[in-house]
Amino acid sequence: MKRCRVLFIWTDIESRIETGVIHLGVAYLSAALKRAGHETALIRVLEKIEKNEFLRRVADFRPHLIAFSAMTNQFDYCAQLADWIKESFDIPVLFGGHHPSLAPEEVIAKKSIDMLCRGEGEEAIVELADCIAEGKDYSRAANLWVKKNGAVVCNEVRPVRANLNDMPFMDLDIFNLNEMFPPGAGINLHFMSGRGCPYNCSYCCNPAIRRLYHGKGRIVRFRDVPVAVAELKHHLKNYPRINYFTGQDETFTLRKDWAMEFCRRYRTEVGVPFSAMVRLSHLDEEVMRALKSANCDLLRIGVESGSEWLREHVLRRKMSNEQIIKVFDLADKIGIRTWAFIIIGFPHETPAMIEETFALVRRLRPNQTQLAIYYPYPGTDLYEEAKREGWLTGETASSYFEKPVLNLPTIGREQILDYYDAFRQELVDMAARKEGRGVYDFVSHIDSAATKTDDRRFIKITTFFEEYPARFWLQAHPFSEITYNVDLPPNGRLVFDIGMDPTTYKQPGKGVRFEIEQNGKKIFSEYLDPKSREKDRGWFHFELPLRGEGKTQIRFRTMPAPRSNNHYCNAGWGRPHIAV
Ligand code: B12
Ligand code: SF4
């Protein structure tokens with residue numbers, strides 16, 4: 001059989017995700033395609049890309065099929081890339097992922113999108129690639145919506161794949177992990193052991209996906225523990241630099257017997273630290289102790305709101321604040337770090353409810369908190385309500401950290417943003433204190449700093465999993481200048497790392513000069529050129545004594561090497577903070 005060359009495209013524009021993250025969907029789809037004898041490659045777009053550069057990369061692979069994976073927030077940008085492709089090449093363009101699955105009419109209406117896949121895509125994309133390779137008609141392939149002769153053929157999804165045990169393990173080679181993570185650094189690998197969730201939270205896509213598969217089998221599935229563990233061992237063997245696993249199953253402990261068995265096996269057969277996402281109602285002391293003994297050092301827990309009324313009546317998550325506090329306290333007692341997911345700006349939410357959320361988080365004292373602004377995802381119950389009530393504005397956002405997109409009668413958009421900005425800073429300071437990271441965390445005060453960049457350049461905060469725990473970094477695309485006015489404690493030390501985004505190492509250009517001034521006087525200057533000097537690859541740690549106390553100005557500056565093409569030149573200040 002002939003081979004089909006499938007080129008995946010995954011964009012991640014301004015969604016503030018960690019650099020060292022893989023796409024599990026693409027990893028499994030690529031594995032399924034390779035097992036069927038096809039070829040795959042991936043273009044990962046992390047910042048807006050120039051048209052010619054993008055088209056050159058597409059042409060390099062000579063694909064027979066272009067496969068976009070698109071979540072709602074990234075869809076507009078993906079659609080633009082699809083337009084560019086169609087202007088230059090005659091290659092079929094397929095969209096898959098949550099947005100095409102749950103908003104298929106909107107997606108298929110785009111002129112440059114030839115077809116979409118709803119739901120899980122392994123079988124569908126293999127069938128499609130087989131047909132393309134053999135020159136056969138694929139318009140009747142289950143899960144696909146295909147444009148044909150001016151109409152759209154809408155095929156049903158195929159039955160749920162009941163047995164996850166025989167799926168091939170993720171294809172990690174497609175991501176170039178060794179380039180994503182700088183030499184010498186560990187790799188944090190994301191994994192998932194099962195699929196589906198039985199709950200009905202009104203803001204989440206899982207119930208909508210379950211509805212898509214109504215009558216097609218049970219959507220909640222777990223792989224057998226030996227298989228799930230075997231996959232992790234397999235990756236560990238191929239990538240010995242893996243020193244952390246991040247669990248992405250949303251309800252890892254849903255089946256207690258499964259979780260207990262996983263912990264037992266993981267402890268003896270894998271052992272490297274890992275984190276798990278868990279639903280509060282499935283966390284008792286026994287499970288938590290088992291997780292701890294298996295080397296789970298972080299539990300990521302959905303709290304969402306501090307208002308019991310909102311949780312029960314709007315979010316459909318009936319649990320008491322007391323129950324939540326008990327779980328976080330227990331984690332503290334057992335010695336597992338905690339991460340709380342929080343969202344503000346929900347329909348029906350009032351300022352008083354947001355205050356309740358903040359009060360609860362202050363009480364929980366999580367090690368990390370992810371604060372998001374509610375975004376309505378098509379197909380979810382809350383989205384449908386917002387649509388019915390006329391709260392949708394038609395605006396979109398490239399991430400759920402950007403801005404509210406609903407006009408709600410209970411709270412204004414500006415007010416949500418004010419709460420968001422104020423609390424985000426408090427949260428990073430709270431985390432810094434709990435994790436012992438000094439007295440002033442520059443990352444948390446970025447909004448009050450004066451920043452300066454020029455035209456296409458930016459300063460943003462990202463988390464970067466070069467090693468665990470994740471480092472926050474101020475990512476700057478030179479030239480950049482960030483000026484803080486700090487109330488300096490006596491004997492303060494400035495603690496920070498410098499480095500460049502490893503994904504830029506192989507790109508054209510040169511290095512970056514990093515400078516720091518205290519009250520206008522240069523106290524630090526260092527040049528890194530990891531593109532041409534191996535020894536400059538990685539993160540470099542510094543601690544500088546700061547003179548004086550009280551009102552002090554600290555300025556961080558990054559500058560590209562003069563006269564060099566430094567389009568790819570992201571420089572980072574790794575977790576700068578003041579310690580005493
Ligand atoms: C892990 C995870 C992440 C990770 C990894 C993201 C990634 N791109 O893989 C991180 C933390 C980085 C993340 C970030 C975001 N996430 Co997220 N994330 C998840 C989570 C918990 C699991 C996803 C997963 O790995 N599933 C397992 C794999 C195997 O499934 P899959 O990726 O869905 O892929 C399957 C199918 O969708 C399909 N498929 C997917 N792509 C394609 C492409 C083609 C061509 C085909 C044929 C099929 C296909 O086939 C795959 C295999 O069966 C889900 C919740 C969930 N249960 O799905 C939320 C979820 C996907 N995330 C969500 C969101 C909103 C985001 C962000 C936009 C948030 C933000 N910052 O604003 C970003 C976007 C990042 C990005 N640009 O990709 C939403 C998506 C909603 C929507 N309608 O788009 C979800 C559903 C959570 C929710 N709110 O309900 N996320
Ligand atoms: S929010 Fe969590 S528990 Fe609720 S439906 Fe989604 S995945 Fe399940």
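# Close-up views of a predicted model

**View 1. Ligand 1 lies between two domains.** Domain 1 (5–154) and domain 2 (183–434) both give residues to the shell around ligand 1, so ligand 1 lies between them. The model is predicted: local features need pLDDT of at least 70, side-chain atom pairs count only at pLDDT 80 or more, and totals for chains, interfaces and linings use all residues. Residues are numbered from 1 along each chain as its sequence is written, while chains are lettered from A and ligands numbered from 1 in the order in which they are written. The shell around ligand 1 holds 38 residues. Closest are Gly25, Met71, Gly96, Gly121 and Ser399. A residue is near a molecule or strand if its C-beta atom, placed from the backbone, lies within 6 Å of it. Two or more residues each come from helix 1 (24–35), strand 3 (65–69), strand 4 (93–96), helix 4 and helix 6 (122–134). Helix 1 gives the most, with four residues. Helices (H or I, at least four residues) and strands (E, at least two) are DSSP runs, numbered from the N terminus. By class, the shell has 18 nonpolar, 15 polar and five charged residues. Here Ala, Val, Leu, Ile, Met, Phe, Trp, Tyr, Cys and Pro count as nonpolar, Asp, Glu, Lys and Arg as charged, and the others, Gly among them, as polar.

View 2. The protein chain is divided into domain 1 (5–154), domain 2 (183–434) and domain 3 (440–579). These bounds come from an automatic or database domain assignment. Taken over C-alpha atoms, the centres of domain 1 and domain 2 are separated by 27 Å. Their contact takes 18 residues from domain 1 and 19 residues from domain 2. Contact means that the C-beta atoms of two residues, placed from the backbone, lie within 7 Å. On the side of domain 1 that touches domain 2, helix 4 (residues 98–102) gives the most, with three residues. That side of domain 1 divides into six nonpolar, eight polar and four charged residues.

**View 3. The shell around ligand 2 includes Cys197.** Ligand 2 is surrounded by Cys197, Tyr199, Cys201, Cys204, Asn206, Pro207, Glu250, Thr251, Arg279 and Gly302. Five of these shell residues are nonpolar, three polar and two charged. Cysteine 197 sits in the loop between strand 9 (194–195) and helix 8 (206–212). Cysteine 197 is buried, because 20 other C-beta atoms lie within 10 Å. The burial classes are buried at 20 or more other C-beta atoms within 10 Å, exposed at 12 or fewer, and partly exposed in between, with C-beta atoms placed from the backbone. Not counting residues up to four places away in sequence, cysteine 197 touches Asn206, Val220, Glu250 and Thr251. Serine 532 is 335 residues from cysteine 197 in sequence and 47 Å from it in space, C-alpha to C-alpha.

View 4. Strands pair if DSSP finds at least two bridges between them. Strand 11 (residues 242–247) pairs with strand 12 (residues 274–278) in the parallel sense over two bridges. Phenylalanine 245 has phenylalanine 274 in strand 12 as its bridge partner. Axes are lines fitted to C-alpha atoms, for helices over the stretch in contact, and angles run from 0 to 180 degrees between N-to-C directions.

View 5. The order is 17-20-25-22-23, with antiparallel pairing. Strand 17 (450–453) and strand 23 (521–528) each have a single partner strand, so one side of each is left without a neighbour in the sheet. The twist averages 15° from one strand to the next. Strand 20 (residues 480–488) and strand 25 (residues 550–560) pair in the antiparallel sense over nine bridges. Isoleucine 482 stands opposite phenylalanine 556 in strand 25.

**View 6. Arginine 62 has a positive phi.** Its value is about 50°, although arginine 62 is not a glycine. Arginine 62 lies in the loop between helix 2 (51–61) and strand 3. Arginine 62 is exposed, with 12 other C-beta atoms within 10 Å.
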